[in-house]
Amino acid sequence: MIKWYAIVNPNAGNGKGGRDWKRISRIFERHGISAVIKMTTKKGDAIELSRQAVAEGFRNLISIGGDGTLNEIINGIFTQDYCRPSDITIGMIPVGTGNDWGRMFGIPLVYAGAVSIISEGRKMMHDIGVISYYQGETRHERFFINIAGIGYEAMVVEKTNRQKEKGRSNKVLYLLNLVMSLISFRKTQVEMVIDGIKSSGRIFSINVGNGRYCGGGMRQTPDALPDDGLLDITVIREMGRLEVIRNLKLLYDGTILSHPKIDGYRSNNLTVDSKSLLYAEADGESLGHNPFTFRIIPSAINIIYSTRVN
C-alpha cells in the first residue's frame, strides 16, 4: 500500500482547508488511502513540511490547499537532497480560490472526485519552471509548476495576496483588482532575450507558463503543455487602459494570442531586465524584482491527473 504524506493549508479557500480537512480525511479512508496529515500554520510551512516528508522517506505527497500551497510543496521538493524530485509523485485536493493548476488536468472541486483520481493513480511526468530574481542585492530562485508573471500581473497578485492576509479572498476580488490596478500601473520599457535573440519595448505584462490557467480561469498561456520541455511566453505590449478593459474577454476565452499587440513564444529560456523596477509572481506567490531569468527542468516530477490537458 502506498503511504501518502498530505499537507493541509487550513487558510486555503478563505478557511475551507481548515473546515473541510477532516471530511477529506474520511474520504481518504473510504478509498483505502493511508495518509499522514500535517497542517501548515504560516506562510512557508509547506516548504519545510515537504522537505521533512522526503527526509522521512515519503515519496508520495498530497497538497490540500490552493495553487500557493502546491507551489510551496514543489519548492520544498526541489530544495532537498534526499532523492531526485523525479522519484516523487504529487496529488492535489484543490480547496483554494483559483485552483488553476488542477483545472488544467480536470481535477474536480468535489472532494470525493479529487480523491478518486488520487486512488486511480494515473501519472505523468511534469516539467518545472525556475525563475531567478532579486531582493535587494541578493539573488534568489523559485520553482513553479504552473505560471509566473511579470509587470501588471505581479501587481494584481501582490494586491490580492495582501487582501488574503486580511481574510478577504474570492475570484471577484481578483477581477476587481485586475481592473482597479489599471489606474496606477505604468507600462515599462524592458529588454528581453529569448533563445539568444534580443528585443526591447514597452510592455504591459509577461507571462511564462507550463500551465494554461491563472487568476481563477484566465488563459494567459493558452497553448502551454506541461510535458514538452518548453515554456510558453505571452508578452502583452503597450496597451491603453480602455483597450485592456475592452479585451478582458480574451484573457478567458483562449484567444489572447490573436490580438495584434500580444506576442507568443515558446522557449526553454528567457531573460528580462529594465532600468525601472519590475516585480514578479510565480503560481500566485509574490516574489522580488528584476533582472529575471527563466529556465525549465523537463520531466521533473510525477503528478496525478484526471484528463491529459484541458
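Me: What percentage of the contacts in the protein chain between residues at least 6 apart in sequence join residues at least 24 apart?
Reply: The share is 73%, where contact means heavy atoms within 4.5 Å. This is a predicted model, in which local features need pLDDT of at least 70 and side-chain atom pairs count only at pLDDT 80 or more, while totals for chains, interfaces and linings use all residues. Residues are numbered from 1 along each chain as its sequence is written, and side-chain values use heavy atoms, with hydrogens and water left out.

Me: Why does the radius of gyration of the protein chain agree with that of a compact globule?
Reply: The radius is taken over C-alpha atoms, and the globule rule is 2.2 Å times the number of residues to the power 0.38. For 310 residues a compact globule would have a value near 19 Å, and the protein chain has 19 Å, so the two agree. Along the principal axes, the C-alpha atoms fill a box of roughly 55 × 35 × 35 Å.

Me: Why is T40 called buried?
Reply: Buried means under 20% relative accessible area, with a 1.4 Å probe and protein chains only; T40 has 7% relative accessibility and therefore counts as buried. Of the 310 residues of the protein chain, 54% count as buried.

Me: Where is T40 found, and which residues does T40 touch, not counting those up to four places away in sequence?
Reply: T40 lies in the loop between strand 2 (34–39) and helix 2 (45–55), these being DSSP runs numbered from the N terminus (helices H or I, at least four residues; strands E, at least two). With residues up to four places away in sequence left out, T40 touches I7, V8, N9, P10, D45, A46 and L49.

Notes:
Buried means under 20% relative accessible area, exposed over 50%, partly exposed in between (1.4 Å probe, protein chains only).
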